[in-house]
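Colleague: I'd like to learn how to read charged contacts and metal sites in a model. Can we go through one together?

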Amino acid sequence: MPLGFLKSVRDQAPRPANTGKSGAGGGEEQSLPERASVLSDIETLGIGMFWATDAQGRLSFLSQRALEDLGFTAEDLVGKPVTQVFRDVDPEPGAPLQRAFGFKIKAHSRIEEHVVAVSADKAGKAGCATRWWRLNGRAMTDAAGNFLGYRGSAVDITSQYAHEMQVARQSQIDELTGLANRRKLGERLAATLAAFRASQRSCALMMLDLDRFKHVNDTMGHPAGDELLKQVADRLKNIVRDLGEVGRLGGDEFQVLLPDMDDRGTLGELANRIVQSLSQPYQINGRRAIIGTSVGIAIAPYDGVTAAELTHAADMALYAAKETRSGIFCFFTNELREAATKTARLGERLRDAVDQGQLNLAYQPLVDPATNEVRCFEALLRWHDGEEGAISPADFIPIAENDDLILRIGEMALRQACTDAMQWPETIRVAVNVSAKQFVRPGFVKTVAGALQASGLASSRLELEITESVFVGDLEAVDAIFRDLKKLGVRFALDDFGTGYSSLAYLKNGHFDKLKIDQSFVRGCTENGDINPAIITAIVALAKALGMETVAEGVEAMDELELVRQRGADLVQGYVYSPAISQEQVKIALADGTMKVTPSGPPRYRAERITIFRKVGLIHEDHYYDVILRNLSKTGARINGLAGVPIGTDVVLDLGHGQLVVSRVVNATENSQGLKFETPLISDGSGGFMTRHRISPYALAEAGIPLAALGAGAFPLAKWREGHKSPPKFVQLDLSV
Ligand code: C2E
Ligand code: CA
Ligand code: CA
């Protein structure tokens, strides 16, 4: 190694000693001319160069070779302050930190492996007029300890250094997509938040995770996966543009940093656009692939003030988005924190429940509305947990989907449903829900074949209910699974139609025998001005044209039943006929070979509001009252707990976590008031409502609530109560009953 060799030269050069060219050792002093020739060889071979200064720190010597290399003569440089000739390099990102060269020279410190910039008169090999040298050197003193100057060596590391800097720069960039990488994003987020904290600005962080990317990678190969990631990156950049910075954290995880953004309405729209855009089909080497995306959003300073806090909050929101249903976005809320721990606990208990056979099936009839005769039963999982009571499959299926538990549960449901159906008349089918994750796992076709064989059920009596979310990933692989199952003779129903990615292209491939119109189109379809009846008509017409049966799901009221019957739905499923019942009840009802159900239910659908029973705050003048929120819609709310509030009173509803809603009392009874909001709430992306903006915790801090309270993410305004200035206008009722 030339460098190792130089190190020994460096130590000896100022104090000429045994450089050992001839291998002569034994402390024998070599002649001066010989040493000079060794050093000159080292110089001319380009291994190293030497430099020296006088006691005043001026350059007194520089190797001839070095001078030639820089294009200078000795007169040009000798006599100049050494700190002018050897300059500190501008600290580049990623460059190792070093103390200033000038500082070391002044202090007569030892110079060790110190990188300096040297100006050259002519551009060198690297094509630039600046060279980078690595210096070593030592202060020389006389016998009395007086400083005489430096003696040192130097190596030109220009080409190596330029490369290192390039690597350092590159490590800020994700090579595959050209986006910022994890490291750069982390630095950017930390720097932005630190700066914004001082200036009390907000910053949003979106965390994205592709759904079913792994499936594309596994079935189409890694180069296809890489290509897909590039296309995702392009689409993301196109949407985000200069609103923020897009980066890839690695794998199929992306992040978007959006400075000065705290409008949850705008953020929701942006997230929606991202979800929509990324779930459009991709062309990869002539094949089509579809993936979904889930997005988690957290906003500083509301959800966290440090990079770690905000990242954690966005992660939690992403997790919640994925749990609810892939292909959606979700904002961070404090409830999520609680939900995350609850989910973890539920997961453990679910495993035990499966082991102990505590999950069973209930059957909900699908009825022909013309005759009220039952044609089919849908098998729905039921889990009664000792602690929690009845837990909805909508809550535990997503948990099971996270690991192989869904395979066990799915197989159990299939086998049980087939066995149970064997005890029904042959004219009645059984429908079994199959989650997308279960459907694409290897071995699913075998599982179905096994269940049919074990029970002896005719395959034409088995219907598999599948949602549009199976149409992601490698579509040809998905098609192959459909074909294999069709060969077995089973039927397919497209579940929850109209809620997913909704590309009609899925219908054209002829996989489905039945189309289930999602409950959301049925619910409230009889309300004036509702567009849903038109949608139902269109779906029915489309299904008929493609030779599919239609089912209207979630029919509860008599007027809804009448409407879907009129609009031509072949079958109806909903509480208006029956909820899911046990196998025992099914058998009894079918005792004479058929089953007829008389519909019954409320005559009219009643506009649903989110019914809640939650303690919130109400601010009027300088008073803070506790009230109970009874229901909440986008435009208003009903509250309990205050008496004597006249119509027309302006109040501010405190929904918690900085969500203040300016409202007016529009109707009132003795202890209950209806509020109309000045600005409507917006959807939180998962069925609830939230305010577009929140009151910044900084503003709250100014109002006397310390920023330290930020950590928990809750900023109650309760403190307002302490500063009563005038007697309260309204009577606070006791809320404990
Ligand atoms: P789904 O497949 O859409 O099932 C219909 C859901 O709507 C059932 O909820 C049913 O009880 C409910 N429902 C039926 N009629 C009405 C009505 O008139 N009004 C209202 N409000 N709801 C009605 P459930 O049993 O809680 O199941 C929820 C979801 O869990 C199912 O939605 C399905 O996606 C999933 N699931 C249930 N069983 C299984 C299973 O064995 N395997 C898989 N993979 N998923 C299952
Ligand atoms: Ca279903
Ligand atoms: Ca459904």
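Colleague: Which side chains meet lysine 587 in a salt bridge?

Modeller: Keep in mind that this is a predicted model. The idea is to look for a Lys or Arg side-chain nitrogen within 4 Å of an Asp or Glu carboxyl oxygen. Here the partner of lysine 587 is glutamate 584, with N to O at 3.9 Å. They sit three residues apart in helix H23 (residues 583-589), so about one helical turn separates them. As for networks, shared partners tie Glu463, Arg491, Lys514 and Glu549 together through salt bridges.

Colleague: How many salt bridges does the rule give, and which pair links distant parts of the chain?

Modeller: The count is 35. Take glutamate 253 and arginine 182, whose closest N and O atoms are 3.9 Å apart.

Colleague: Now the metal: which residues coordinate the calcium ion (ligand 2)?

Modeller: For a metal, list the donor atoms, then see where they fall in the chain. Glu378 (OE), Asn433 (OD1), Glu465 (OE) and Asp495 (OD) coordinate this ion at 2.1 to 2.3 Å, and their spacing reads E-x54-N-x31-E-x29-D. Aspartate 495 also coordinates the calcium ion (ligand 3), 4.0 Å from ligand 2.

Colleague: Are glutamate 465 and aspartate 495 buried or exposed?

Modeller: Buried means under 20% relative accessible area, so glutamate 465 qualifies at 1%, and aspartate 495 is buried at 7%.

Technical notes:
Residues are numbered from 1 along each chain as its sequence is written. Chains are lettered from A and ligands numbered from 1 in the order in which they are written. This is a predicted model: local features need pLDDT of at least 70, side-chain atom pairs count only at pLDDT 80 or more; totals for chains, interfaces and linings use all residues. Side-chain values use heavy atoms; hydrogens and water are left out. Donors are N, O and S atoms within 2.8 Å of the metal (3.2 Å for Na, K and Ca); water is not among the atoms, so sites may look incomplete. Buried means under 20% relative accessible area, exposed over 50%, partly exposed in between (1.4 Å probe, protein chains only). Helices (H or I, at least four residues) and strands (E, at least two) are DSSP runs, numbered from the N terminus.
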